[in-house]
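Please open the structure in your viewer and keep the selection panel at hand. The stops below are meant to be taken in order, one selection at a time.

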Amino acid sequence: MLLPQAKESKVNENLSNKMALGKSIKMYLTIFIATTCIYMVLYQYHMSRQPLAANELVKHPEKSSSSSSSSSSYIASYLWAPPMLNNSSNSINTTMGQGLVQVHGPNATDTSSVSSSSSAASNSVSASGSSFYSTVSLPLTLSSASDANNKSISTTTTSTTTTTTTTVANAVVSATTTTTTTAQKLKTTTQPSHAHKSMVKAMGAVHKIRTTFVAVSEPPPLYIITPTYRRPEQLAELTRLGYTLKHVLNLLWLVIEDANKTNPLVAHTLDRIGVPYEYLVAPMPEQYKLTKRAKPRGVSNRNRGLDYLRANATEGVLYFADDDNTYDVNIFEQMRYTKKVSMWPVGLVTKTGVSSPIIREGKLDGYYDGWIGGRKYPVDMAGFAVSVKFLHERPHAKMPFKPGYEEDGFLRSLAPLQNNEIELLADECREILTWHTQTKKNPAALPFNQTRYGNTNLAFIEKLLVRP
Ligand code: UGA
Ligand code: MN
């Protein structure tokens with residue numbers, strides 16, 4: 001039997017035990033809640049650094065569903081922003097660079113006779129002999145690197161839709177698959193690289209529940225027609241333009257020289273740049289060469305380009321890019337979705353400093369240019385693009401040999417074309433993304449002194465000079 005004191009101390013002991021227990025529970029609860037909070041904060045931070053989930057990614061509008069307003073193509077331009085400028089760029093570009101071009105270097109072509117495409121241009125001349133040549137398949141006839149050694153020369157211009165799987169936020173791209181078009185057979189597909197596969201695997205293991213990839217359709221092809229001619233600045237101009245074009249996906253560069261035969265130095269430069277290209281020739285007709293008055297520069301070249309497209313292209317967009325101008329790569333992504341004709345401002349044109357469509361209350365309301373000259377379309381060559389489908393619907397459209405009126409003549413030859421069918425790009429002509437820059441003319445290089453420098457490096461670089 002317990003004494004009352006003992007009983008009391010027992011009660012106290014029980015009480016203090018209960019209190020201690022309560023305290024511990026409270027403490028554990030506090031620790032538990034605090035830990036949960038810390039985990040939640042860490043999880044939020046972790047998630048914020050992960051790639052976007054599929055439903056957060058913006059799917060590029062299919063060509064057919066893209067809206068006609070210029071603002072939609074403007075948004076599109078950011079989606080298809082130059083790969084080099086994206087985080088994901090390197091892998092995209094490498095894949096494309098290797099996949100797109102089947103370049104035949106000097107060794108591969110020394111013995112090859114190269115013929116320009118089978119168009120009916122009367123002033124076009126077949127490139128032949130020791131010229132360099134590249135075979136390009138557009139869009140995205142992907143060939144493996146080993147194909148580059150293939151000596152057969154064939155030009156495949158296919159019109160296909162290739163599905164590319166890509167993450168927008170991450171540096172992973174898997175180029176691939178499929179495609180269906182008008183009875184044209186697509187040669188190959190590129191397998192994802194080993195590095196890519198292991199990366200996908202690793203990512204899959206970590207984020208099993210997150211969709212990391214989203215299918216994006218291939219953008220329509222761009223055909224860039226560049227007239228060029230022999231002069232000391234030629235290789236420098238082509239190099240600068242070429243590396244600009246290297247930022248643009250799904251593009252075929254039609255370099256067309258005002259000459260009777262191709263120049264191996266030009267071909268070598270184009271090979272080195274690595275943009276998919278065709279190098280053709282189209283000399284200016286003699287009658288214009290001999291005139292003392294202004295010459296129609298680059299006209300036979302551009303008409304040759306149009307003939308090429310009529311024979312080889314079915315969709316996409318064409319653009320006349322003189323070799324000496326300056327181009328912001330964003331304009332290429334915007335012009336890509338042109339339905340008929342698109343226009344935008346060109347800087348450094350005439351005394352107005354810029355040539356541009358005038359937009360009033362959202363509508364095309366004339367043109368701003370230092371020289372109107374009775375033209376219906378007083379625009380610069382760098383300021384418009386035309387859809388290939390629309391070109392096919394205007395089989396007689398061509399550029400006139402009329403100095404100062406080349407653009408106007410060509411655009412008029414696309415009639416009927418309503419003003420409200422002209423798409424106004426570059427933020428509805430509020431931005432300047434192309435410039436009519438002109439390179440200072442350089443005198444021809446002095447003759448090389450073989451006796452003095454024959455056994456030096458100068459003997460090599462002397463051969464790289466373009467002499468008029
Ligand atoms: C301006 C326009 O921007 C040209 O598009 C237009 O053809 C020319 O005027 C014109 O109206 O004659 P501009 O800078 O004055 O151009 O001319 P260039 O840059 O000297 O020539 C335009 C393009 O034609 C260049 O790509 C150039 O390489 C090529 N070109 C020039 C030839 O193919 N052959 C030539 O004899 C001269
Ligand atoms: Mn120029």
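Predicted model: local features only at pLDDT ≥ 70, side-chain atom pairs only at ≥ 80, totals over all residues.

Begin with Glu361, whose place is in the loop between strand E14 and strand E15, the latter covering residues 363–368. The phi angle of Glu361 is near 45°, a positive value in a residue other than glycine. Is Glu361 buried or exposed? With a relative accessible area of 81%, Glu361 is exposed, because exposed stands for over 50%.

Next, select Leu348, which you will find in the loop that lies between strand E13 (346–347) and strand E14 (354–360). Leu348 also has a positive phi, of about 60°, although it is not a glycine.

Now move to the loop between H12 and strand E17 (422–424), where Pro416 has its place. Show the backbone here, and look at the peptide bond from Ala415 to Pro416, which is cis, with omega near 0°.

For the next stop, select Trp253 in strand E8, which runs over residues 251–257. Trp253 counts as buried, because its relative accessibility is 0%.

Then select helix H9, residues 299–312, which has 14 residues and reaches 20 Å from its first C-alpha to its last, close to the 20 Å expected at 1.5 Å a residue. How many residues of H9 are buried? Eleven of the 14 are, so the helix is largely enclosed by the rest of the structure. Among these buried residues are Asn301, Arg302, Tyr308 and Leu309.

Finally, select ligand 1, which takes up the space of the largest pocket. Strand E7 (222–228), H9 and helix H12 (406–412) are the elements that give two or more residues to the shell around ligand 1. In total, 21 residues surround the ligand, and the closest are Pro227, Asp258, Asn301, Asp322 and Asp324. Zoom in on Asp322, where a polar side-chain atom lies 2.9 Å from an oxygen atom of ligand 1, and then on Asp324, which likewise has a polar side-chain atom 2.9 Å from an oxygen atom of the ligand. In the side chain of Glu406, an N or O atom is 3.0 Å from an oxygen atom of ligand 1. The protein covers 90% of the 680 Å² of accessible area that ligand 1 has on its own.

Definitions and conventions
Residues numbered from 1 in each chain as written. Chains lettered and ligands numbered in written order. Heavy atoms only, no water. Helix = DSSP H or I, 4+ residues; strand = E, 2+ residues; numbered from the N terminus. Expected span 1.5 Å × (residues − 1). Buried < 20%, exposed > 50% of the residue type's maximum accessible area, 1.4 Å probe, protein only. Near = heavy atom within 4 Å. Polar contact = N/O pair within 3.5 Å; in protein donor to acceptor, adjacent residues only side chain to side chain. Areas by Shrake-Rupley, 256 points an atom, 1.4 Å probe, with all protein chains shown as cover. 1 Å grid on protein atoms, 1.4 Å probe; cavity = no way out; pocket = protein on both sides within 12 Å on 5 of 7 lines; lining within 4 Å. Sits in = over half its atoms within 2 Å of the grid points.
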